[in-house]
Amino acid sequence: MSKEKEKDQTQGTSISRRSFLKGVGTGAVAASVAPSVLIDAETAAEAQMGEEITRAKIKLDINDKAYEVEVESRTTLLSVLRDGFDTSGNRVDLTGAKPICERGECGGCTVQVDGKAVYSCMTLALDAQGKQITTVEGLADGDQLHPVQEAFVQHDALMCGFCTPGFVVAAKSFLDQNPSPSHEEIKEGLAGNICRCGTYPFIFEAVKTASRKMGG
Amino acid sequence: MASWGRPENSRLIGKRVQRLSGADKATGKAKYTFDINRPGLLYGHILRSSVAHATITHIDLSAAEALPGVKAAIPLIEPGKRVRFEGQEIAAVAATTDDIARDALRLIQVDYDELDYVVDMEDAKEAGAPQIRDDWEGNQSEPRVDERGDLEAGFAEAAVEVEATYHAPVQTHVCLETHGNVAEWDGDNLTVWASTQAVFGTRQNLARHFELPENQVRVITEHMGGGFGSKFGPGVEGVTVAKLARITGAPVKLMLTRKDEHLVGGNRPSMTQTVRAGAAQDGRFVAYDMSGYGTGGIGSGAGFTGPYVYHVPNYRTEKSAVAINAGSARAMRAPGHPQGAFAMDSLMDELAEKLNIDPLEFRRINGDSDARRDRIRQAEYTLGAQEIGWHRRNRVPGSGTGVKKRGIGVGCGLWGGGGGPGTEARVTIHASGAVEATTGTQDIGTGIRTVIAMIVAEELGLRPQDITVKVGDTAPGLPSRGSGGSQTIGSVAPVIKTAAMAAKRKLFAHIAPMVEADPGNLRAVGGRIRTESDLRMSISWKEATGYLGMETISEGGEWDENLRVGDTAGVQFADVEVDTETGLVKVIKIVAVQDCGLVVNRLTTESQINGAVIMGLGYALLEERIMDDQTGKMINANLEDYKVPGTMEIPEIVSIAYDTDRKITGIGEPPTIPTAGAIANAVYNAIGVRIRELPITPDKVLNALG
């Protein structure tokens, strides 16, 4: 993106329009924003219309890399990953996590925050400060796929593949907590994710294979 | 004449081969349309009608236009025109961020002069209901009548009769990647990254709309997040995003929201049919009189099959469509078949019971109306019955004891899927040894990319990963059909096969003099070229292609109908457990025996069968678009209240890919057809009460149990 366009983009949203709670970037503020956003992002956004908007620069640790990004209070982690720019104007461009349901119903946007699987569409960027964020792009070690990724490929636990990054991260997080799950435990452990192509049977197989490979 | 050869001679065809795009998909590297981020990208969104039926009297875009960050705001409907369903397009914006674009929609003022609406099919048929389509009189289409044999004589011969009404709901596609595109202009050249099942169809549509020659429009679909029949052509959103990109002079991404996707992304029409049918004492199905209709919303198509699969000599059918104020139907995975199959297989069981004949035996007696399919189907009955343990079913339906009752049922389906001409492809061999296979099809998640690589690799003695497959792009100018009707593999594979054969012949002819061999005596095996008669000469693939020097071999292929087959038969068996206290139906096991013609990739074929069964399970037990007649709106336009199958609903699935002959056929749709009928019959076998309405939700089970 050219500098002119980038500048324009920043200006575009920095104009006063929407309230940003005072003292942006602190945990307390984020906590006070979160419930309303969690309840109904749409209503919260509407409630903010017409009030003053503020932006803040925050630092995020994504896949062991530090990013400085400018966000609004409403900016989700998912939005930073997919559509955000760092303060030097470079796109974050981590598009592995997918926007599918937009409201915590499908798991397509699952990432790890401090080792726990979270829906990044339901996580405010502000709340992810100071935490370790791992996306599907951060699981492989160079060209060496993570055992979960390897098992997904081996068992064809993916078809169109749009839900796959979310499932891979969810499966990895699940195995971190339950290294040798039963079939029923796998079903329950991955119940927060949806696949429309119907790859589930092979996902279950992949998780079992990955569990064995990881010594579970 | 080209043939796929004998199975024992195939190194790759019929084996389990990992999807070539697997690693890209599992690591997040795969870029879908939704992931395309172009420099200077703007974000588009569409404002949609919030009401079911109204005349638009005024649209004021000024506040949206004034919002900082908004680069364009355009109307999509003229004041004075009608909107006919919740979700119809009214205006669109492009802005520097997705959030701003959504904010801008809220600033658009729309004045509606609201009209009476109707979202219930039965209400819509009433005299005096609000008129929905201008081209119909009333809201019901002219019925289409089909007749065969002598219905009266058939009923006269019948020893038993069944009269029943079956109903199936509207199902939405729920593509996880919503419909949408990224559009970018360079002068008068338009590039569109599209989430589509038809790159060439989309190109043609856009070229026509913008009055451009086709070669000035390029459509790219590298990876695609689910279509199931709903993604052909650019749609309103595709044309709109190209307009926004032209106005702003910047690339624009416009992907539908999840709610939009439910409202306008297409759906499988509903079905309500009333049937009277008769069977003779000896088990022959002799008479079928059916009258039915379905709704495709404001759309006109709501067809379904019937009679279906089974041979009945005397029938009369009357089918029509009913318009309501709701989003239009689109083709959805085996259009018309799952709804027809559910009703037909329910009816077959009801007739069998009245005759006191085993339902499977009744099906065997009234074989498939097509002789080839019938031969296959009879064998499938035997295989499937054995695998499910048909003998375990309740002789007397509902006779099991305990709170949780088990039952077993059967269902059937048929499909075409043989493909057709119209695909152009090239197989290119470079001096470096690199091989490319290029064609204008698209991989919508079915694995055609891997299949193409397997076919070329088989022919050239290489590994699938040695072949670079280029699909999903109109730029090479090698058209192929849209990926629908399970026609992709039957259309593409023969052309790829013959192109690879031609490229190999040319390579052999080129190198034969160099290695002092007869070209007819050369073989490509295991990454080497060698002579067949004696193993005297054997060089590596790269040595061989090295002889090309400055030349490149690039050959096209011909569609050969002898390499593919259509008209496949499928049979499924379901084993279910019904909790008679909660009404919950749990599917324990599905056995899917599917005529797969020649299986190319056994691994991805099994994936397709699993996926189709699971979508059929959703249709049977979970999925339904719910329209609220108090507001005219869809009240479950999300992924929480619109239930698609999740991990907890997944039964054991035994997919038996039944190789019927050495010809290729498409398998994306057929295995979704029999599932709902098999499950409905299994539920009946468990509880002894017939539920004739999908989805079979706990409330219906409890009501049925009384």
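**A walk through chain B**

Start with helix α6(B): its buried residues pack against β11 (189-194), β12 (217-220) and α7 (235-248) of chain B. The model on screen is predicted.

Select residues 199-209, the span of α6(B). An α-helix has 3.6 residues a turn, so residues three or four places apart point the same way.

Step just past the end of α6(B) and pick E211(B). Its phi is positive, at about 50°.

Now move to a strand. Select residues 404-415 of chain B, which form β18(B). How many of its 12 residues are buried? The count is 10, leaving the strand mostly covered.

Finish where the chains meet. Select the contact between chains A and B: chain A gives 57 residues and chain B gives 53. On the side of chain B that touches chain A, three helices each supply at least two residues: α1 (22-27), α3 (98-107) and α15 (602-621). Which element makes the largest share of that side? Colour α15(B), which provides seven residues. Then colour the side of chain B that touches chain A by class: 21 residues are nonpolar, 22 polar and 10 charged.

Conventions: Residues are numbered from 1 along each chain as its sequence is written. Chains are lettered from A and ligands numbered from 1 in the order in which they are written. This is a predicted model: local features need pLDDT of at least 70, side-chain atom pairs count only at pLDDT 80 or more; totals for chains, interfaces and linings use all residues. Two residues are in contact if their C-beta atoms, placed from the backbone, lie within 7 Å. Helices (H or I, at least four residues) and strands (E, at least two) are DSSP runs, numbered from the N terminus. Ala, Val, Leu, Ile, Met, Phe, Trp, Tyr, Cys and Pro count as nonpolar, Asp, Glu, Lys and Arg as charged, and the others, Gly among them, as polar. A residue is buried if 20 or more other C-beta atoms lie within 10 Å of its own, exposed if 12 or fewer, and partly exposed in between; C-beta atoms are placed from the backbone.
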